[in-house]
Amino acid sequence: DYALADVIFISGTDPYETKTILFTEWMMRGKAKLIMVLPRKSTGAAYGEKLGGLFLQIIPGTDTLLHNALCRVILEKGWEDQDFIKKWIANDEEINWGMGRGPRNTPWQWRTTRWGRSFEKFKEWVLNDPHSTLEYAERTTRIPKEKIIKAAEMIAKPREDGTRPKA
């Protein structure tokens, strides 16, 4: 998947420094633009940026706020992958039944379904959460909102022909 991706979002690690074979054999041979989220610019982040990727320098411990802001931008723009959501994400009724999508043969799968949240409830929560706004994310993570929007576009914005980036 790394070699086939259009975009790879990496938060909190640099696979060039921690998984060198994965990085050099798969990521570097692929065509993906890298979005790297780290508190300092690493070798992998500089490499990714040089090839059209994005480096998001973050305050440690604020990753979740960034991730929620990215989700919010994608949802506000309507860039979510509805086909994937319909096929793989349990709705409220399925969650209430204790059922999800796919096999449920390990304890963690039951837990993630039983106490899960449907896409619609997640969307409602993110769009109403004051901590997932661009302004709050920019202030807390110290990542400019323009860069957050750019990352969301790279991850999810459909192309002119209607195809989606492989992220």
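**Figure 1. Glu 49 and its salt bridge with Lys 41.** In this predicted model, Glu 49 is partly exposed, with a relative accessibility of 29%. Its side chain meets that of Lys 41 in a salt bridge, with an N to O distance of 2.4 Å. Side chains of opposite charge can pair when their charged atoms come close.

**Figure 2. The salt bridge between Asp 81 and Arg 164.** The closest N and O atoms of Asp 81 and Arg 164 are 3.7 Å apart. This pair links distant parts of the chain, since 83 residues separate the two partners. Asp 81 sits in the loop between α4 (63–77) and α5 (82–88), while Arg 164 belongs to the segment after α10. A relative accessible area of 30% makes Asp 81 partly exposed. For Arg 164 the value is 28%, and this residue also counts as partly exposed.

**Figure 3. The salt bridge between Glu 135 and Lys 145.** Here the side chains of Glu 135 and Lys 145 meet with an N to O distance of 3.8 Å. Glu 135 is part of helix α9 (residues 134–141), and Lys 145 is part of helix α10. The two residues are 10 apart in the chain, and their pair links distant parts of it. Glu 135 has a relative accessibility of 42% and is therefore classed as partly exposed. Lys 145, at 26%, is classed as partly exposed too.

**Figure 4. A network of salt bridges around Asp 6, Lys 31 and Arg 159.** This view shows three residues, Asp 6, Lys 31 and Arg 159, linked by salt bridges into a network. How many salt bridges does a search of the whole structure find? The search finds nine. Among the pairs joined by a salt bridge are Lys 41 with Glu 49, Asp 81 with Arg 164, and Glu 135 with Lys 145.

Figure 5. One of its members, Lys 157, lies in the segment after α10 (145–156). Is Lys 157 buried or partly exposed? Lys 157 is partly exposed, because its relative accessible area is 41%.

Technical notes
Residues numbered from 1 in each chain as written. Predicted model: local features only at pLDDT ≥ 70, side-chain atom pairs only at ≥ 80, totals over all residues. Heavy atoms only, no water. Helix = DSSP H or I, 4+ residues; strand = E, 2+ residues; numbered from the N terminus. Buried < 20%, exposed > 50% of the residue type's maximum accessible area, 1.4 Å probe, protein only. Salt bridge = Lys/Arg side-chain N within 4 Å of Asp/Glu carboxyl O.
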